[in-house]
Amino acid sequence: MSTAIESGLYVFLLASFVGFEVIRRVPPLFHTPLMSLTNAVAGISLVGSLVVAGSDRGVVSTLLGTIAVTASTINVVGGFLITDRMLKMFRPRDAAPKGAGPGSAGPSAADWLRARFRRGAAAPASTTVTVPTREVAR
Amino acid sequence: MNDYVVPLCYLAAGGLFIVGLKGITQPKTARRGLQAAELGMLFAIVGTLVNKEIVDFRWIILAFVVGSAIGALMAVFVPMTAMPQRIALSHAFGALAAGLVGTAEYYHRQPEIGAFTMTAITLEVLLGFVTFTGSLMAFGKLHEILPGRPQVYRGQNVVNLATFAVAAAAGVWLITDPSKTFLFPVIAVLAAAFGVMLIIPIGGADMPTVISLLNSYAGLSSVAMGFALDNKALIIAGALDGSAGFLLSVIMCRAMNRSFSNVLFGAFGQADTSAAAAGVVEERPVRSASTEEAAMLLETARSVIIVPGYGLAVAQAQHRIRELADVLIRNGAEVRFAIHPVAGRMPGHMNVLLAEADVPYDQILDMDEINADFAQTDVALVVGANDVTNPAAKTNKDSPIYGMPILDVESARTVMVVKRGMKAGFAGVENELYYQDKTLMIFGDAKKVAEGLVHDLEATVRA
């Protein structure tokens with residue numbers, strides 16, 4: 001067995017164990033962000049796709065490679081952005097102190113973005129409850 | 001120089017991916033973890049781009065631009081309620097990339113491919129195309145383009161397994177003789193067909209397990225790609241992805257007290273109503289209440305546990321439910337949310353929806369954390385959840401869901417169930433809970449009911 005294969009198998013074995021041990025500790029709270037993060041990380045197939053798309057091996061290779069790079073890039077860009085969007089939403093109780101903190105003077109960029117996201121997701125908020133501006137959990 | 005830079009980039013990428021996943025084990029470090037993973041990806045991409053093999057950047061740039069645009073648009077505009085579909089779709093993209101790279105590598109290198117590399121390529125293509133079409137099917141079911149109920153026919157499992165067996169046999173043949181190029185399309189097509197056939201008999205509520213499993217397959221196809229290209233960063237990332245998916249699907253199966261094979265081949269939740277229809281035919285009375293009556297009860301409640309389910313996601317009621325919780329808290333009640341592991345259509349679905357509605361995460365508890373507290377709770381408010389609250393899972397040995405861990409809502413002093421009608425849940429089983437004396441049924445769309453409850457509760461509190 002060549003050393004490349006052997007060391008590859010070792011890496012696979014150890015990475016799987018590390019993966020199990022680390023991911024076992026992810027609380028159910030974060031199972032969806034975990035999934036979308038691993039999606040983004042799975043965009044690592046870019047590494048293979050880039051070589052196929054860029055090494056000038058003929059039309060078919062370039063075409064397949066280009067599709068693969070597009071698909072992987074969607075995962076990388078989309079996966080990281082959406083995980084970030086999700087993680088920003090999680091906040092603990094009393095994340096926003098009653099007194100105005102230094103950063104809570106006006107709506108932050110994140111608040112603005114969230115307001116934008118919401119418009120697509122749900123009907124306009126009813127006026128019965130006024131929600132105090134909340135700090136985004138960081 | 002490149003001989004050092006490239007491997008070190010990949011090494012850094014692998015390490016940072018692990019750091020990233022470690023970060024997401026805690027709310028405080030989650031976003032830092034995400035940044036670590038992003039940095040890792042940057043290293044991996046830069047490391048690849050300086051590779052001498054890459055001579056033509058035109059198509060790469062085009063693909064980067066198109067892919068980034070699509071990815072960013074999807075990330076910004078997909079509503080949280082559609083997250084399961086999006087996740088399924090991204091499994092499909094990842095698997096497609098793996099399948100296509102495997103295909104290109106095969107045609108580039110054949111006929112002289114070592115047995116090990118050929119095995120890796122075959123596995124990559126098999127897993128890649130199975131996951132690609134399987135994930136597209138899952139997407140279709142979740143997005144309700146395809147019927148969510150399981151589609152079954154006689155001998156389905158035999159046909160499915162035969163398809164897979166032929167694909168695997170062709171794979172073995174190709175590994176022994178890589179010059180048989182005609183075998184390659186056979187493998188790819190059969191794998192794609194198997195992916196479709198595998199998901200057809202699986203129903204909507206089993207999607208949490210299936211999505212996790214597809215996640216794991218997508219990861220394993222990356223691992224296979226890593227072996228084919230001798231790239232350790234690919235192996236590490238794929239192994240992490242694979243173990244995450246595998247672990248999640250184990251958790252999901254355990255939460256339903258079912259085995260993998262039962263989820264994949266059991267065609268659970270099909271027209272299973274035959275048993276229920278034959279056994280219980282008579283109409284039994286239920287106590288139904290208006291939102292005003294429910295609001296009066298809620299006004300006096302000191303402790304409330306809200307149990308959300310898929311119905312909450314369908315009705316997009318998360319914001320209204322949070323308003324209801326706010327009103328209850330202002331009225332002096334303790335309000336918590338109880339989440340069953342398989343509630344919704346993917347792992348953690350309910351948590352994300354509630355987080356979107358600004359419910360603090362320490363108000364949200366998992367089944368194990370909260371089950372003992374139902375006995376000291378005044379009102380358990382079930383919103384769009386069914387099977388996960390069915391006491392038959394504990395008492396009725398003949399029930400298909402017997403043995404499944406459930407949320408113990410029936411121990412609460414009063415149970416309120418918000419539901420559109422008396423239809424049975426996914427498992428096709430009648431829910432005994434609805435006929436108990438302590439249970440109040442509030443019929444209607446979850447969002448409208450929640451709006452009504454907020455309105456009536458505020459009126460009651462003011463009066």
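This is a predicted model: local features need pLDDT of at least 70, side-chain atom pairs count only at pLDDT 80 or more; totals for chains, interfaces and linings use all residues.
View 1. For the complex, the predictor reports an ipTM of 0.87 and a pTM of 0.85. Chain B has a mean pLDDT of 89, with 96% of its residues at 70 or more. One stretch of chain B to treat separately is residues 270–281, where the pLDDT is below 50. Beyond near neighbours in sequence, that stretch has 13 contacts in the model.

**View 2. The contact between chain A and chain B.** Here the two chains meet, with 88 residues from chain A and 106 residues from chain B taking part. On the chain A side, at least two residues each come from helix 1 (3–24), helix 2 (31–42), helix 3 (46–54), helix 4 (59–89) and helix 5 (109–121). Which of these helices of chain A gives the most to the side that touches chain B? Helix 4 of chain A does, with 28 residues. Sorted by class, the side of chain A that touches chain B has 51 nonpolar, 27 polar and ten charged residues.

**View 3. Helix 2 of chain A against helix 2 of chain B.** This view zooms in on one helix pair from the two chains. The axes of helix 2 of chain A and helix 2 (residues 30–49) of chain B are 11 Å apart, and the helices pack at an angle of about 10°. The two helices are therefore roughly parallel to each other. Helix 2 of chain A brings A:Pro33, A:Leu37, A:Ala40 and A:Val41 to the contact, while helix 2 of chain B brings B:Ala30, B:Leu34 and B:Ala37. If you sort the residues of this contact by class, you find seven nonpolar, no polar and no charged.

**View 4. Where the two domains of chain B touch.** Chain B is divided into domain 1 (2–265) and domain 2 (287–462), and the C-alpha centres of these domains lie 36 Å apart. In the contact, 20 residues of domain 1 of chain B face 17 residues of domain 2 of chain B. Helix 4 (83–109), helix 8 (207–229) and helix 9 (232–256) of chain B each supply at least two residues of the domain 1 side. Helix 9 of chain B has the largest share of that side, five residues. The domain 1 side divides into 15 nonpolar, five polar and no charged residues.

**View 5. The open sheet of chain B.** Six strands of chain B line up in the order 3-2-1-4-5-6, with parallel pairing. Strand 3 (364–366) and strand 6 (439–443) of chain B stand at the edges with a single partner strand each, so one side of each is left without a neighbour in the sheet. From one strand to the next, the twist averages 25°. Strand 5 (residues 414–419) and strand 6 of chain B pair in the parallel sense over five bridges. To find your way along strand 6, look for B:Thr439, the bridge partner of B:Val415.

**View 6. Two helices lying across the strands of chain B.** Helix 12 (residues 291–300) of chain B lies across strand 1 (303–308), strand 4 (379–383), strand 5 and strand 6. This helix runs at about 135° to strand 6 of chain B. Helix 15 (residues 349–356) of chain B lies across strand 1, strand 2 (334–339) and strand 3, and runs at about 145° to strand 2.

Definitions and conventions:
Residues are numbered from 1 along each chain as its sequence is written. Chains are lettered from A and ligands numbered from 1 in the order in which they are written. Two residues are in contact if their C-beta atoms, placed from the backbone, lie within 7 Å. Helices (H or I, at least four residues) and strands (E, at least two) are DSSP runs, numbered from the N terminus. Ala, Val, Leu, Ile, Met, Phe, Trp, Tyr, Cys and Pro count as nonpolar, Asp, Glu, Lys and Arg as charged, and the others, Gly among them, as polar. Axes are lines fitted to C-alpha atoms, for helices over the stretch in contact, and angles run from 0 to 180 degrees between N-to-C directions. Angles under 35 degrees count as roughly parallel, over 145 as roughly antiparallel, 65 to 115 as roughly perpendicular and the rest as oblique. Domain bounds come from an automatic or database domain assignment. pLDDT is the predictor's confidence in each residue, from 0 to 100. Two strands pair if DSSP finds at least two bridges between them.
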